Amino acid sequence: MNREELLNVAAEAGGLLLRSGAEIYRVEESMHRIFEAYGVRDGNVFAIPSCINVTINTDGGAPLTRVMRILDRQTNLDRVDRANDVCRRICREKPSYEEAMALLDSVRRRPVYGLPAQLLASPLVGFFFCLFFGGSLLDSVWAALCSVAMRLLLAWLERWHVNAFFCNLMGGAVSGFITMAAVLLGFAVNTDKIIIGALMNLVPGIVITTFMRDMMAGDVVAGLIRFSESLLVATAIALGVGVSLMLPRLIFGV
Amino acid sequence: MEYLQCLYAFASCVGFCILLHIRGSSIFWMSLGGAIGWFFYLLCAPAQNDIFQYFIGTLALAVYAEVMARVRRAPATGYLHVALLPMVPGGGIYYTMEYGIAGNADLFLETGMHTLSIAGSLALGILVVSSVARLAALMGEERRARRGCRGE
């Protein structure tokens, strides 16, 4: 494998990890290890959640650089796991360029859960979190209903590449509206428990784990970026629910 | 029965696992982390201080995550990510918002600060365990003094 190809393999591997929600140090370390496995000691990598910069020198000493912009990030822990395995395998077996790319491609082609599976999973989250927070069985059924509606709406919004802030805002608003509708229809329910349960579906956007691990590993910039993202998600959820609770109060006076 | 909550936490973690695209037996092991975290939270209930409870719970689940990462040769991230979700103060965020809407500034600030402290104690718990685990990994590597590709 020549240096250009090595650079591409490392960048692809790093991009795959970062896109699936791996920590910065994992991305940088994996890329360094791939370089070292092929005998390149002068590799430099700088990654933040939205971009990877990587430079190595050619045999002649001229620098080769690749900048990789990461636009679509979606947490996919299965892919992090597999990509990590593939990186180790590349380091261990030092495959050719084509083989290495095929390995990375096989990770990218791994199946993801489609909408039907997600529509089954989100009410599970809503239902049991409502119970978890002390809601009754009836509350939990409503929370599950909110979760399904929320997931459907989010899937629709994601199709149009709506930004995360608005997605979370609408997600919060929908669960709020459905819950208020339940109250208006005369079901005796605990509004707070239902909404909290349903909202837990949106909480994975709040990546406390990742930003703490980034910060602790010394990637403070990356940690701050993820922290701000989490704060935005939390604000969006709160705003969405806030609006949906205010409007019915305004209109119907409940 | 308070400890039933652990079961609820487990079941909701299974849902999260699917939303986070996890496959195979990892779903069970990752969700178990959520139940373990909450179990230790409840175990520390006599301390009468939920920030401390959250801290201990996070410590427990983070230790579990690091151990499982070694045992199953997978990144600890997944285990931490899923197991921490039941600990996220969703209730706190909601009540803060509700007091905000109601214009109750005192309760708004009080609940908001409390929620932030919980988030802080979660972060601290992860920080402690991850730092120790990283230190141990680095020391192990040093001992092996092997160059090339090192597993984590």
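**Ground rules.** I noted that residues are numbered from 1 along each chain as its sequence is written, and that chains are lettered from A and ligands numbered from 1 in the order in which they are written. Since the model is predicted, I kept in mind that local features need pLDDT of at least 70 and side-chain atom pairs count only at pLDDT 80 or more, while totals for chains, interfaces and linings use all residues.

**Confidence.** I looked up the scores of the model and found ipTM 0.85 and pTM 0.85.

**Chain A overall.** I counted 10 helices and three strands in chain A, taking helices (H or I, at least four residues) and strands (E, at least two) as DSSP runs numbered from the N terminus. Along the sequence the pattern reads α-α-β-β-β-α-α-α-α-α-α-α-α, and the C-alpha atoms of chain A fill a box of roughly 75 × 30 × 30 Å along the principal axes. Of its 254 residues, 49% count as buried, where buried means 20 or more other C-beta atoms within 10 Å of the residue's own, exposed means 12 or fewer, partly exposed lies in between, and C-beta atoms are placed from the backbone.

**Domains of chain A.** The domain assignment, which comes from an automatic or database source, gives domain 1 (3-108) and domain 2 (115-252). I found their centres, taken over C-alpha atoms, to be separated by 34 Å. Their contact (C-beta atoms, placed from the backbone, within 7 Å) takes seven residues from domain 1 and 10 residues from domain 2.

**The nonpolar core.** Of its 122 residues, A:A13, A:I34, A:L199 and A:I208 touch the most other members, and the core draws at least three residues from each of domain 1 and domain 2 of chain A. Leaving aside residues up to four places away in sequence, A:I34 touches A:V9, A:A10, A:A13, A:C87, A:I90 and A:C91.

Five bridges join β1(A) to the antiparallel strand β2 (residues 51-57) of chain A, two strands being paired if DSSP finds at least two bridges between them. The two strands form a hairpin with two residues between them, and A:A47 stands opposite A:I52. I also checked A:R41, in the loop between α2 (24-37) and β1 of chain A; A:R41 counts as exposed because there are 9 C-beta neighbours inside 10 Å.

**Contact of chains A and B.** The contact takes 48 residues from chain A and 40 residues from chain B. On the chain B side, α1 (4-19), α4 (76-84), α5 (90-102) and α6 (105-144) each give two or more residues, and α1(B) gives the most, with 10.

Terms used
Contact = placed C-beta atoms within 7 Å. Core = buried A, V, L, I, M, F, W, Y, C linked by C-beta atoms within 7 Å.
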